[in-house]
Structure formats: C-alpha cells, structure tokens
Amino acid sequence: MSNKPPTQSDSISIRQFIFTLRQNPIYLREQGHWGEPNSIYANINRYSPFVIMGALVLGVCGGNNFLSTIGMNSGTEWLILLLCIPNAFMQMLTWGGLFMVPALTAPSVSEEIKRGTWEILMLTPQPVHHILFAKLFGSLSRLRIWWLLIIMSVLQGGVTIVAAATAASAFDAVSLATSLMVAIGLLLQPWLEIGYAALVGLTVSTWAQTSRAALITSYSIIFGTKLVIWLLSLLLISILTVGILDNESLFTVGFSFMRIFMYAGGIATCAAVLYRRSLSVETWSSK
Amino acid sequence: MSAIIEIKGLTKRYGALTALNELNLTIEKGDVFGFIGPNGAGKTTTMRILTTLLRPTSGRAQIAGYSVTDQPNEVRRVIGYMPDFFGVYDDMKVWEYLDFFAACYDVPVNQRKGMIGDLLALVDLENKRDAQVESLSRGMKQRLCLARTLAHDPQVLILDEPASGLDPRARIEMRELLRQLQMMGKTIFFSSHILSEVADICTNIGIMEAGQLVAFGDIEDMRRQLQVQRLIQARILGEETAPLKDILFQHPQVGKITDGREVELTPDIVRFDFGGTDEELSQLLRHLIEADIPMISFSEEIGDLEDVFMQATKGVVS
C-alpha cells in the first residue's frame, strides 16, 4: 500500500464523469453491486404488480380523459386518437414511475445520513456533486421502465410526424400546429414528470433525517403538484365553459405547456438547490 | 521528526458561541496524540475542521503540508477519519464494505483483494470476511470502521472516540490496534474520555476546555506544567513501615504519606504524593535501598492522568 498523490479525478468535468458513470462505485452501489442500498425500494418493489395494475388503470383513464376533453370539435379526432394510443402507455409508465422513482431517490442520501456514512462518503475524493449524480442515476437505473418509455416516446414521435405529414393538406395550419404542439407536450410530459419526481426525492433526501420522512415528504410534494395542476385544469375548463375563453385550441396548447413549464421549473429549482448544497461539505455536516 | 499537523490560531464561532478559541498545536509525524477534555470542550470541532468537514472562522490548519481550507481534496487523501458513531453499511458483507471504500478511493481492482486481506488480518477480522456487517459485534464494527480508514493508506488517522461504548476487552483490542498502527508509522490523532487508555498509548496529550488548549505535551511535561503530585506506592518486607516513613518525611518533594491500612490495603504498603521529577524519584529509591529499607516494590500508581485532567480543567464548557 502506498500513498496516492492527488489525481485529476478531483476536477473532472461533469461530461467526463457521466461518460465514466458505469465505473463509479457509488453508482454501482446504488445499483446493488455491494449489498442492498435501499431497503425501502426493495420492500415497495414487492408490490410492483399492484403498482403496474394501478398505473394501467390510471394510464388508460388519463388517455380517455384526454380524448374527452380536447380536439373533439376540431376535426382532428383521428390524429389525436393516434397520438393517444402510445400516450396512454406513456401515462401508465408515468404513473408507475411516479410511485417508484421517489422510493429510489428519497432514501438515497437520507439513509446515508441516518447510517452515519454520508460524511465518510464526502471525505472520499468523490466531489459532492458527483456523489449526487451517481446516486441519482444509479438508483434510477434500477427502474425497468426506461426502454419502454423510450420506445413509446419514439412511437409517439413517429406517429406525430406521420400524422402531420398525411394531414398537412387536409387541415388548416392552426389545427395542425395545435396538434403538433400538443404532441410535443405529450412527448415531454412523462420525462419531465418522472425527472421532477426523481429530483424532488433526491432534494428532500438531503434534508430529511430519516428515509421514511424523505419518502412521505417527496410523495406529498409530487402528488401535491399533480393536484395543483389538476385543479388548474378544472379552473381552465370552467373558464372555457362559461365562455371567457372560447378558443379550445389555445386552451389545449396553453394547458399542455403550463404543465411542462411547471415541471421544468420544479426540476430547475431542485437542481439549483442541489447544486448549492454541493458547493460545500459544511452545509451537510452542520446537520 | 517533522510536523505533520500544524494548527495556528484556529477559531470556530457559531454566532455568539466560541467553540474553538485560538488553538495552536503541532503534531509530529509518527506521534500518537490523545485529545482529551470534557464534553463541549471543542475536541470534535477541531477534528471536523481537520477533516475538512467544517470551515474555521479564522486561523489555519495544515495536514502533511496541505491546507484544510484551501486544499481539502489533497487533505482527504492523506487522512483517514473515523467518526464517533458507526459508519457502516449493515447490508454489506465485511469484504464488500472495504472493497466499496477502496473503490471510492480509486484503489485499482487488482490491488483490492490483497489489500482487503491485509486489512482484515490487521484488525483481526479475517474469519469474518464473508459475514454480514449487521452480524458483527460493536467492537468488531469499530475495528472494521478503522480498517476502512486505512483503505487508501493514509498518513494521518483522525479518530473520534474510537473506544467509546466498547466493553473492556474490545477496548484493549482497540488499544493494541492503535499501537500496531503507530508501529506502522501512522500519525494518530484521537479523542477519548478514557484517560488511562490515553496515558497508555499516547506520545503526546492535549487537554481542551471551553474551546482552549489548557495543557499540551507528554504526561510528564504536563505534570510539571500543572505541578500535579504523583502518587507513589512502596511495599516493604514485613509490616514495620516507620523507618520508610521517616525517610519520606524528610524528603522535600514528598507530600502526604498514607499508610496502607488507611486505604484498605495491606499494612506493608505506604503511599505518598511526590512532586519531583523521574530523576528525583530515582534518587529517592536509591536512598531508601542504601538506608536498608527492605523494598519489595516501588511504583507509580496509574490513574494520575486523571489528576492532571482534573487539575487542568475546571469543568467549564464553552
């Protein structure tokens, strides 16, 4: 055994880090390479068939609800319908992800703090932001929905392009633009929602004293956000119903992008908090 | 010998509370430094600053020439830190725990297997290699934690209460382990409440109180600094202790003399306080032998570090 001089690993860029992520011990640990890092996820995972069934119901209902609220008078029903088939699957995966992702990320740091291993990890040559990245991606890699979500996204993107190409001559420019924007919204929404859930879980995890508290707080924030969005949609629908806003297309696009901006804003906020926390180890050790 | 830890004017304030006040300390390479003091004295604060977990309000500290504030990454590579609680993963096997931390310190895969074997042999956990960490006793977990601090072969070990909560046997094992590490050339900076343990293995001791270093040096130095009386116990052949006491009464460095019977010991024993140096004590013993006092034993009582500690501290907490 000999003393190693400081290496350049201290200052490697995020890009290099992501490139070498699969060799990172913290990433591998989160994947279960050394023991079971997350007993909460292991427990919740036992109930995954119920989560899948629940997500299936919610996904299909979400798709039908979408069908019933938009596009029915615009003459683009078949286009919307085509978009909604993969979307129903994506909704299903999103619901599944929203239940499972916090169980993966919320205990990732809080469990270390509880065990007394967080400070030990911070004293390794791994910078704090690398530890957080490795924990985030390592824990998320345990979820088995990513390939399916990518396939559904590609399918939905493909359907959108084919539909747009074939419908270009049949519909007016406004209907086409509306459908395209809604499709883009539908494509982004599952990724943003799951990304938001993951980052909320990780951010809460850095403050919580126990994994259970982190998980409950994360679920509250994530489903609270969903509730706020649902209430906002009700408000918009009621505005539409009383005739203050008479443009359905504008409503549909507006609502779709409002959701996207809310989730993107949530992700940016969590990322900013985590970045700030990662600048100094003292902010963690003073707990 | 060269200084491996240098602390100059180190101060840490939390609002109006001064946890550490202008601490100056130099530890030589290879030293075993025992940091003692009552709770809230500033020991853990000092250790956390040295490990880069806490930033000082003012002052500076260097380990192996690296500044803890300006070069934290370099400092982390030369130190091994064991906090005052178990930092273990119960879900891992013993070898996995060491393997994981070795990987975190960029130890190449082909070196790890041999290194894990060496570390487990050092901490006497070879037969627990494949055991689940959860199944280990408290003492074993503490030793495993110590093995983890050595995974990257650091020059300096910073150990916060390494023997806290251990049973007497585990404490002795831990002490022996620290001795071995000292022989391996490691510099050990550790805090403890168990004073006799500190006295046994430390080359230097620092006593903290209310954020200030009130005494520093080896035990002899400190006794001199604080003018603490040493307690000497003499045993003679037979029960006739009067000639011994007569000589002791005449010696200027001898203080209170106690007969063995008074302290529930055998009548052939006499205890006395001695304020002199080792040389003066040696001269006294020679004088007793020359005076035909039938000496059987003549020894210093352990536990006198407690006197040093009590003398140095006033029970003030910052």
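Two strands pair if DSSP finds at least two bridges between them. In chain B, strand E9 (residues 204–209) and strand E10 (residues 212–217) run antiparallel and are joined by 5 bridges. Strands here are DSSP runs (E, at least two residues), helices are DSSP runs too (H or I, at least four), and both are numbered from the N terminus. Within this pair, Gly206(B) stands opposite Phe216(B) in E10(B). The hairpin has 2 residues between its strands, and Ala210(B) takes a positive phi there, near 50°.

Before I go on, a word on what we are looking at. This is a predicted model, in which local features need pLDDT of at least 70 and side-chain atom pairs count only at pLDDT 80 or more, while totals for chains, interfaces and linings use all residues. Residues are numbered from 1 along each chain as its sequence is written, and chains are lettered from A, and ligands numbered from 1, in the order in which they are written.

Now the two chains, beginning with chain A. Its secondary structure comes to 12 helices and 0 strands. Of its 287 residues, 40% count as buried; buried means that 20 or more other C-beta atoms lie within 10 Å of a residue's own, exposed means 12 or fewer, and partly exposed lies in between, with C-beta atoms placed from the backbone. Take contacts in chain A with a separation of 6 or more: residues 24 or more positions apart account for 84% of them. Two residues are in contact if their C-beta atoms, placed from the backbone, lie within 7 Å.

One residue of chain A to find on the screen is Arg276(A), which has its place in helix H11 (residues 248–278). Is Arg276(A) buried or exposed? Arg276(A) counts as exposed, because it has 10 C-beta neighbours inside 10 Å.

Over to chain B, which has 11 helices and 14 strands. Its C-alpha atoms fill a box of roughly 70 × 50 × 35 Å along the principal axes. Here 46% of the 318 residues count as buried, and residues 24 or more positions apart make up 69% of the contacts with a separation of 6 or more. Chain B is divided into domain 1 (3–217) and domain 2 (225–309), with bounds that come from an automatic or database domain assignment. The C-alpha centres of these two domains lie 38 Å apart.

Next, a sheet in chain B. It is an open sheet of 4 strands in the order E2-E1-E4-E5, with antiparallel pairing. Strand E2 (17–28) and strand E5 (66–67) stand at the edges and have a single partner strand each, so one side of each is left without a neighbour in the sheet. E5(B) is joined to strand E4 (residues 58–63) by 2 bridges, and Tyr66(B) in E5(B) is the bridge partner of Ile63(B).

Let me turn to two helices of chain B. Helix H4 (residues 109–122) has 14 residues, which should span 20 Å at 1.5 Å a residue, and its end C-alpha atoms are 20 Å apart, which agrees. The expected span is 1.5 Å times one less than the number of residues. Met115(B), Ile116(B), Leu119(B) and Leu120(B) are the buried residues of H4(B), and they pack against H3 and helix H5 (138–149) of chain B. After H4(B) comes Asp124(B), with a positive phi near 60°.

Helix H6 (residues 168–183) of chain B has 16 residues and reaches 23 Å from first C-alpha to last, close to the 22 Å expected. Which residues of H6(B) are buried? They are Arg171(B), Met174(B), Arg175(B), Leu178(B) and Leu181(B). These cover an arc of only 120° around the axis, which puts them on the same side of H6(B); the arc is that of the directions from the helix axis to the C-beta atoms. On the other side, Arg169(B), Glu176(B), Gln180(B) and Met183(B) are exposed. Gly185(B) follows H6(B), and its phi is positive, near 95°.

Last, where the chains meet. The contact takes 30 residues from chain B and 26 residues from chain A. On the side of chain B that touches chain A, helix H2 (72–78) and helix H3 (94–104) are the elements that give two or more residues. The residues of that side divide into 14 nonpolar, 6 polar and 10 charged.

How values were computed. Ala, Val, Leu, Ile, Met, Phe, Trp, Tyr, Cys and Pro count as nonpolar, Asp, Glu, Lys and Arg as charged, and the others, Gly among them, as polar.
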